[in-house]
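I opened a notebook page for this structure. The entries below follow the order in which I looked things up.

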Amino acid sequence: MLLQPISKGRATSDGAIILLEAIERSTRYLKGFCQKIFDRHLQNLVVHPVLKLVKQRVYSICLGYEDGNDVNHLKNDPAFQHVLDGELASQPTLSRFENSLRMSEIWR
């Protein structure tokens, strides 16, 4: 499945995110990883599912945005919004997610 084009008039900081998403769609590596993570949140209150949080964090790191605060720079990036289906998770949300993982989930 090909990604749909991004609307004209908005520039992205790094179009390589589209390549990362294409790799994920063909390998489903991150999706498989996320299936081993138990989401402890009440599902009716979840805004950003686990897969979206993992993709946002992994893609950001792969593109050189290692610091969680970089989400403030990327939140309006059209390529990130497109690949991640809308609004990005905030830095506090990503931090809470990362800190909620148990070592057993990571090793699995």
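Which residues of helix 3 are buried? I found Val50, Lys52, Leu53, Val54, Lys55, Gln56, Arg57, Tyr59 and Ser60 on that list. I note here that the model is a predicted one.

**Helix 3**

I checked the length of helix 3, which covers residues 50-62. With 13 residues at 1.5 Å a residue, helix 3 should span 18 Å, and its end C-alpha atoms are 18 Å apart, so the two agree. I then asked what the buried residues of helix 3 pack against. The partners are helix 1 (16-27), helix 2 (29-34), helix 4 (71-74), helix 5 (78-83) and helix 6 (91-100). After helix 3 comes Gly64, and I noted its positive phi, near 95 degrees.

**The core**

I looked up the largest nonpolar core and found 20 residues in it. Ile17, Val50, Val54, Phe80, Leu88 and Phe97 have the most contacts inside this core. Helix 2, helix 3, helix 4, helix 5 and helix 6 are the elements that give two or more residues to it. Helix 3 supplies the largest share of the core, four residues.

I took Leu88 from that list and looked at what it touches, leaving aside neighbours within four places in sequence. Leu88 is in contact with His48, Gln56, Val71, Leu74, Lys75, Phe80 and Gln81.

**Salt bridges**

How many salt bridges are there? I count three. As background, side chains of opposite charge can pair when their charged atoms come close.

I started with Glu21 and Arg25, whose closest N and O atoms are 3.0 Å apart in a salt bridge. Both residues lie in helix 1, four residues apart, about one turn of the helix. In general, an α-helix has 3.6 residues a turn, so residues three or four places apart point the same way. Is Glu21 buried or exposed? Glu21 counts as buried because its relative accessibility is 2%, under the 20% cut-off. Arg25, at 27%, counts as partly exposed.

Glu21 also meets Lys55 in a salt bridge, at 3.1 Å from N to O. Glu21 lies in helix 1 and Lys55 in helix 3, so this pair ties together parts that are 34 residues apart in sequence. Both Glu21 and Lys55 are buried.

The remaining entry is the salt bridge between Glu98 and Arg57, at 2.4 Å from N to O. Glu98 is in helix 6 and Arg57 in helix 3, so the pair ties together parts that are 41 residues apart in sequence. I wrote down Glu98 as partly exposed, at 36% relative accessibility, and Arg57 as buried, at 18%. Salt bridges that share partners join Glu21, Arg25 and Lys55 into one network.

**Surface and loop**

Which residues form a nonpolar patch on the surface? They are Met103, Ile106 and Trp107, with about 410 Å² of accessible area together. Met103 is in helix 7 (residues 103-107). I list Met103 as exposed because its relative accessibility is 54%, over the 50% cut-off.

Last, I went to the loop between helix 4 and helix 5, where I found Asn76. Asn76 is exposed, with a relative accessible area of 54%. I checked Asn76 against Gly86, ten residues apart along the chain, and their C-alpha atoms are separated by 9.8 Å.

Definitions and conventions: Residues are numbered from 1 along each chain as its sequence is written. This is a predicted model: local features need pLDDT of at least 70, side-chain atom pairs count only at pLDDT 80 or more; totals for chains, interfaces and linings use all residues. Side-chain values use heavy atoms; hydrogens and water are left out. The expected span of a helix is 1.5 Å times one less than its number of residues. Buried means under 20% relative accessible area, exposed over 50%, partly exposed in between (1.4 Å probe, protein chains only). Contact means heavy atoms within 4.5 Å. Patches are made of residues with over 30% relative accessible area and no salt bridge: like charges are joined within 9 Å, nonpolar side chains (Val, Leu, Ile, Met, Phe, Trp, Tyr) within 5 Å. Accessible areas come from the Shrake-Rupley method with a 1.4 Å probe; for residues, only the protein chains shown count as cover. A salt bridge is a side-chain nitrogen of Lys or Arg within 4 Å of a carboxyl oxygen of Asp or Glu. A nonpolar core is a set of buried Ala, Val, Leu, Ile, Met, Phe, Trp, Tyr and Cys residues joined through side-chain atoms within 4.5 Å.
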